[in-house]
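Visitor: I would like to learn how to read pockets and strands in a model. Please take me through one.

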Amino acid sequence: MKVLFCNVSEPACGVFQFGENLFGILRDSSHIEWRLHHASDKEAFMELAKGFDAVLYNYSSLIASFVSVAPFAQLEKPQFLIFHDAALDESRWDGIFFSDPTLASYGKWHVFGRPLPESSDGPVTRPNTVLPVIGSHGFIGAWAALVVQRVKDEFHNAQVRLNLPFAKHVDADGAQATAMAERCRAIASDSGIELFINHSLLPPFALLDWLRSNDMNVYLRPTDMNWRGVASAPDFALAADRPIAVNRCNAFRHLHNLDPSICIEDSNLLQIFEEGIRPLQAFKNRWCSPEIIRRQIENVIVECASS
């Protein structure tokens with residue numbers, strides 16, 4: 001069986017990064033021949049798709065692309081969607097996959113785990129400082145001011161490192177990322193916080209090495225915001241095998257019930273750091289196994305295509 005995996009084409013995008021991580025798992029299949037296609041031209045895509053038995057799309061309808069009107073009836077083959085965050089008409093799809101470990105499969109909706117990027121095994125170069133080093137990363141500023149404020153509240157002295165690249169589809173000129181950087185500088189200006197900010201879009205291995213060089217990585221968002229999807233930034237931190245802290249924003253709901261808790265409402269950053277990666281291991285074993293994720297997706301596609 002041959003399946004075309006259609007990903008968005010812009011690297012400066014969380015949906016793109018999620019898709020690349022997932023395809024890195026699917027391509028090792030012994031049951032399905034997978035091919036990756038970055039969607040940029042509808043005519044080329046439609047011609048290519050003719051040679052496959054099914055299509056799996058990874059995109060959000062919030063992204064301007066011809067793929068935003070998929071599925072295409074003229075292909076006359078099973079078509080599946082990786083759901084991220086936008087409303088959709090489920091009746092048009094043969095199956096919808098969603099990577100939210102807090103939910104259960106039902107109808108056309110199928111739960112699968114969190115695909116992590118391939119781990120980096122290279123040496124870690126920690127910043128040359130005796131201070132605790134706390135990192136965070138993400139697009140549109142990643143609400144990094146919450147992280148800087150939390151570190152400032154808990155530590156007299158610390159180093160905070162932020163990677164805040166510009167997002168092609170929602171922050172192309174970097175206005176939100178740079179405005180957030182200025183807010184972070186203002187918070188840190190009268191404190192013992194050493195702040196380092198970069199706006200580089202790091203390749204996956206470089207981002208993993210950057211996260212591994214931090215003592216811990218922290219992801220905070222407003223708790224009064226309602227998120228349909230699950231935040232993907234912590235996926236890279238999970239792969240980096242460093243302690244992680246989050247808050248009770250429901251974008252991080254998949255990480256809210258770990259034992260011991262990694263939520264800042266339950267513990268301070270130092271306590272979470274001292275637990276190391278122990279709280280993360282059971283979650284990774286259950287929800288981040290490449291073999292399990294591959295099976296969760298392939299079983300659905302094969303069953304649908306053969307029915």
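Visitor: Which elements each supply at least two residues of the lining of the largest pocket?

Guide: First, the ground rules. This is a predicted model, where local features need pLDDT of at least 70, side-chain atom pairs count only at pLDDT 80 or more, and totals for chains, interfaces and linings use all residues. Residues are numbered from 1 along each chain as its sequence is written, and side-chain values use heavy atoms, leaving out hydrogens and water.

Guide: Now the idea. Rolling a probe the size of a water molecule over the atoms shows where empty space is left. On a 1 Å grid over the protein atoms alone, a pocket is an open set of points with protein on both sides within 12 Å along at least five of seven lines; a cavity is a set where a 1.4 Å probe fits but cannot get out; lining residues have an atom within 4 Å of a point. Here, α1, β4 (79-83) and α6 (233-240) each supply at least two lining residues. The largest share, four residues, is from α1. Helices (H or I, at least four residues) and strands (E, at least two) are DSSP runs, numbered from the N terminus.

Visitor: How many residues line the largest pocket, and which lie nearest its centre?

Guide: The lining has 45 residues, with Gly14, Val15, Asp85, Trp227 and Ser232 nearest the centre. The space is about 970 Å³. A volume is what probe spheres set on the points fill, with points joined across faces, edges and corners.

Visitor: What about the second largest pocket?

Guide: Its space is about 550 Å³. Of its 26 lining residues, Glu20, Asn21, Leu116, Pro117 and Glu118 lie nearest the centre. Two or more residues come from each of α1, α5 (204-212) and α9 (290-306). Helix α1 gives the largest share, seven residues.

Visitor: How many cavities of 30 Å³ or more does the structure hold?

Guide: One. Its lining includes Ser136, Tyr219, Arg221 and Phe252.

Visitor: Which strands pair with β1?

Guide: Two strands pair if DSSP finds at least two bridges between them. Seven bridges join β1 to β2 (residues 33-39), in parallel. Val3 is bridged to Trp34 there. Strand β3 (residues 54-58) is also parallel to β1, over five bridges. Phe5 has Leu56 as its partner in β3.
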